[in-house]
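Me: I have a structure to look through and I am new to it. Can we go over a few spots in it?

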Amino acid sequence: MRGWALGTMGLALACGPAVSVDTASAGGASGGTFSDTLPPLTSTTQSGPGGTAAADDDSTTFPGQIFDVGGLGTGPPTDEPCNRGWQVDALHPVVVMVVDGSSTMVTAMVDHDADPLTEPTSRWFAVRSALEQSLWDWDATHDVGAVRFPAAASAPPDRGACDPDVDLAVPQELGASVVLETLPEADDSMLAGATPLRGALESAWGLLRIVEPGPSRLVVVVTDGAPNCTPGLMPPASFDEVDAQVEVLVADMAADEIGVAVISVDVPDALRGGVDGEPVANPTAVLDGIAAAGGLYGAAFDGADTEALILGLTLIRSTTLSRRLRIPDPSYGWYEIEVDGVVWQQVSDCTQEDGFVFVATEAMGERRDVVEMCGAAAGALERTGTATIYPVCVIAE
């Protein structure tokens, strides 16, 4: 994650002219060293919302007032954000469900409910049922889209089974209904095709590139086998060989800060393939490698039946809750962020410290309008989903 260290910058003031503050020696947002040309700090200093203050007998402190330069100290800043901050909701992560609709999803039967007394169903029935029960919860915390692949009209060994065309649902709020409309019904028995996962992932990456910058991005792959249909290969090699470039592609997506999770649907942990369009490989080992390259989890989630699929989807959702906030006005020099009653400062290392870092949302880091909470601060935002952002204001004549 790209975080920006707090350096020397000019502050946009709540009132009065701009002044320069050396924040490198400021110890975060709670203090600073002023230029020799500025008047001495003669009135109130305060550490920020919820902080402690040291004041003259006839001075007054106000939430969000950090420095009072020049002895004003007669009232709150006239700029409302300095007084009350902005209450904002966490940015919803954007997720694309990449869902396998290949022939084996309807030709292979599973014990969908772990009950030996009920009739088995197709793998697709289990997948569709799990998504119907889970996606409404995702709506509350994520913006959801989908890629359903392939769009092939024939099954292996017909070469058309590698048709990479996909059905797309652009990620959006309340996306569950849109995604479910995109996917076949649970009792559909006409699904066809092999497993051209590479093309589906490229489509998902394309969707995530067009969403508004700032939110974290995620792909969840739901599949019942190792990917094949390597571009340039002809049958039977196109069916019998694993597309090794899928793992490379997923690693590239992770480098672009798009995490990839994998849920395997009734996938055996043994050498398989050579028939029904399945590549010759241990599909569990292949999918575990793809999941590890995705940077979120070390292996694929096991989705042996509907309940296991729901559990995997629930765990992925709960561990990818938003840690990011958009700052309503990024023109101030720095900020304090209150989450669940605790005020957090900017830090330099999000992997080692509690607080927040800025996230670059445009090329070369031209904007600083998104922050990512770190450590305990991230956990607090995940729990509450809301925060108050206070700009650190300087009052000067």
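This is a predicted model: local features need pLDDT of at least 70, side-chain atom pairs count only at pLDDT 80 or more; totals for chains, interfaces and linings use all residues.

Me: Where does arginine 123 lie?

Reply: Arginine 123 lies in helix α3, which covers residues 123–141.

Me: Is arginine 123 buried or exposed?

Reply: Arginine 123 counts as buried because its relative accessibility is 9%, and the cut-off for buried is under 20%.

Me: What does arginine 123 touch?

Reply: Leaving out residues up to four places away in sequence, arginine 123 touches Thr104, Met105, Ala108, Val110, Asp224, Val265 and Asp266. With aspartate 266 there is a polar contact of 3.1 Å between the side chains.

Me: And threonine 104, which helix is that in?

Reply: Threonine 104 lies in helix α2, residues 104–107. Its relative accessible area is 14%, so threonine 104 is buried.

Me: Which side chain does the side chain of threonine 104 make a polar contact with?

Reply: That of aspartate 224, at 2.6 Å. Aspartate 224 is also among the residues that arginine 123 touches.

Me: New topic: helix α8. How many of its residues are buried?

Reply: Eight of the 11 residues in α8 (283–293) are buried, so the helix is largely enclosed by the rest of the structure.

Me: What do those buried residues pack against?

Reply: They pack against α5 (197–209), β14 (217–223), α7 (245–255) and β15 (258–265). Among the buried residues are Pro283, Leu287 and Ile290.

Me: What about the start of α8?

Reply: There, a side-chain oxygen of asparagine 282 comes to within 3.0 Å of the backbone nitrogen of threonine 284. After α8 comes glycine 295, with a positive phi near 80 degrees.

Terms used:
Residues are numbered from 1 along each chain as its sequence is written. Side-chain values use heavy atoms; hydrogens and water are left out. Helices (H or I, at least four residues) and strands (E, at least two) are DSSP runs, numbered from the N terminus. Buried means under 20% relative accessible area, exposed over 50%, partly exposed in between (1.4 Å probe, protein chains only). Contact means heavy atoms within 4.5 Å. A polar contact is a pair of N or O atoms within 3.5 Å; within protein, one must be able to donate a hydrogen and the other to accept it, and residues adjacent in sequence count only if both atoms are side-chain atoms.
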